[in-house]
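Here is a walk through one structure, taken a piece at a time. Please keep the model open beside the text and follow along.

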Amino acid sequence: MGVMPSLRYLVRELSGKDLISTLEWSDEEIDIALKLAAEFKQLANYYGVEAIPKVLERKVFYMLFFAPSTRTRAAFESGMYFLGGHAAYIDATTTRMAFGKQEKAGEAVKDVAAMYDLYGHGLGIRILDKAIDYLYGVGNAYIREMARAAKIPVINMADDMFHPTQGLADIFSFIERFGDPQGKKYVIMWAYSPEIRGWCSPQEDMILFPRFGVDVVIARPPGFDLDPKLVEKAKELAKEHGGSLEVTDNLQEALRGAHAVFPRNWATPTLVQVGYSKFKDEELKIYEKYKNWKVTRELMDLMDKRGVLMHVLPIFRGYEADEDVIDDPKRSIIYEQAENGLWTKMAVLALTMYGVK
Ligand code: CP
């Protein structure tokens, strides 16, 4: 790869590798992805995107979407173009697959995987929320089934458990803002919204940030626990990397001295077990008790004086955070984070697809 000759060895190692969860990438591999993302960003900032080497020329990345997207689709599409290749958007409901439709019979996953192997060089899949009735594990299992069948790298573009390329953008943005992440405090906070959200983004950051020595706090009302196995895993990773993971329902204490807060709605464990179709109304009644779980100016004042609002977006304005905080250029880095999503996705594309024939 023309970009970082010293990294050729690792680039070869990553070629063809899936990214379904960052848990399956080593610290070194994640570091390579972040370094390459920084390199792309620098090149684009100094010389324009024309300066980015076209390392994926004539390569095709298929993007299979079972759920909507504003950023992920756009960033992957631009990213493939900047790298000299092509991204093909596929609305899963327009394919021959039965998943998510009324039809009982449809094309087998292994046959679909074989087609993308024949025509392309990488496959991204997004499957979560209403596409799977919010049932925990269903989307991730589907992506893993496709990855077992496909020879080309499979990239998780968000499922019900993980959002790895988002996590990379989040930690990239945190480091970009604060430098050495060791000992910095990141609060992942449940926030009220009338729109029910899945667990992928809070869980992704919960397992990724501790690997950088960050002190992560999950602040949520009682009854909003995330996957206990992943909480344990995050604690283990924190111990190994000199960070920490704490779960609390004391929001004020959580925010005291924090460097960043990510306020985000997520479903209760009951909803993700029973399903959105059966539990939605009950779920929204539970939320009514916690309408004050929102980032306000007063809460921001409890944070470190450099403390910022972070969010994967979409953010629900006036619900998850007040407008004046969201639009404060000194205390909100949500658009920088979205931009970094482009560079980190490009790094993942380049690293995993470069050597695919
Ligand atoms: N952050 C993110 O995944 O945004 P989209 O859902 O718009 O792709």
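**A guided tour**

Let us begin with Tyr134, which counts as buried at 4% relative accessibility; buried here means under 20% relative accessible area, exposed over 50% and partly exposed in between, using a 1.4 Å probe and protein chains only. The model is predicted, so local features need pLDDT of at least 70 and side-chain atom pairs count only at pLDDT 80 or more, while totals for chains, interfaces and linings use all residues. Residues are numbered from 1 along each chain as its sequence is written, and side-chain values use heavy atoms, with hydrogens and water left out.

Tyr134 sits in the loop between S3 and H5. Helices (H or I, at least four residues) and strands (E, at least two) are DSSP runs, numbered from the N terminus. The phi of Tyr134 is positive, near 65°, in a residue other than glycine. Asp133 belongs to the loop between S3 and helix H5 (138–149) as well, and its phi is also positive, near 55°.

From this loop, turn to the sheet. How many strands does the open sheet have, and in which order? There are 4 strands in the order S2-S1-S3-S4, with parallel pairing; two strands pair if DSSP finds at least two bridges between them. Strand S2 (86–91) and strand S4 (154–156) are at the edges with a single partner strand each, so one side of each has no neighbour in the sheet. On average, neighbouring strands of this sheet are turned by 20° against each other, direction ignored. Such angles are taken between axes, which are lines fitted to C-alpha atoms (for helices over the stretch in contact), and run from 0 to 180 degrees between N-to-C directions.

Strand S1 (residues 60–65) pairs with S2 in the parallel sense over 6 bridges. Look for Val60, which stands opposite His86 in S2. Helix H14 (residues 334–353) packs on the sheet and touches S1, strand S3 (122–126) and S4, while its direction makes about 120° with that of S1. Contact means heavy atoms within 4.5 Å.

Now find Phe65 in strand S1. Is Phe65 buried or exposed? Phe65 is buried, with a relative accessible area of 2%. Leaving aside neighbours within four places in sequence, Phe65 is in contact with Arg73, Tyr89, Ile90, Asp91, Ala92, Arg126 and Met157. The C-alpha atoms of Phe65 and Ile127 are separated by 6.7 Å, although these residues are 62 residues apart along the chain.

Arg126 leads us to the ligand. Which residues are around the ligand? They are Ser69, Thr70, Arg71, Thr72, Arg126, His163, Gln166, Val312 and Leu313, where a residue is near a molecule or strand if one of its heavy atoms lies within 4 Å of it. The side chain of Arg126 has an N or O atom 2.8 Å from an oxygen atom of the ligand. For Arg71, an N or O atom in the side chain is 2.9 Å from a ligand oxygen atom. Gln166 places a polar side-chain atom 3.0 Å from a nitrogen atom of the ligand. A polar contact is a pair of N or O atoms within 3.5 Å; within protein, one must be able to donate a hydrogen and the other to accept it, and residues adjacent in sequence count only if both atoms are side-chain atoms.

Gln166 is also one of the buried residues of H6. In helix H6, 12 of the 15 residues are buried, so H6 is largely enclosed by the rest of the structure. The helix, residues 164–178, reaches 21 Å from its first C-alpha to its last, close to the 21 Å expected at 1.5 Å a residue; the expected span is 1.5 Å times one less than the number of residues. Gly179 follows H6 with a positive phi near 75°.

Leu313, another residue around the ligand, is joined to Pro314 by a cis peptide bond with omega about 5°. Pro314 lies in the loop between S9 and helix H13 (323–326).

Our last stop is Asp304, in the loop between helix H12 (297–300) and strand S9 (308–309). Asp304 counts as buried at 19% relative accessibility. A polar atom of the Asp304 side chain lies 2.8 Å from the backbone nitrogen of Arg306. Leaving aside neighbours within four places in sequence, Asp304 is in contact with Gly257, Ala258, His259 and Arg331.
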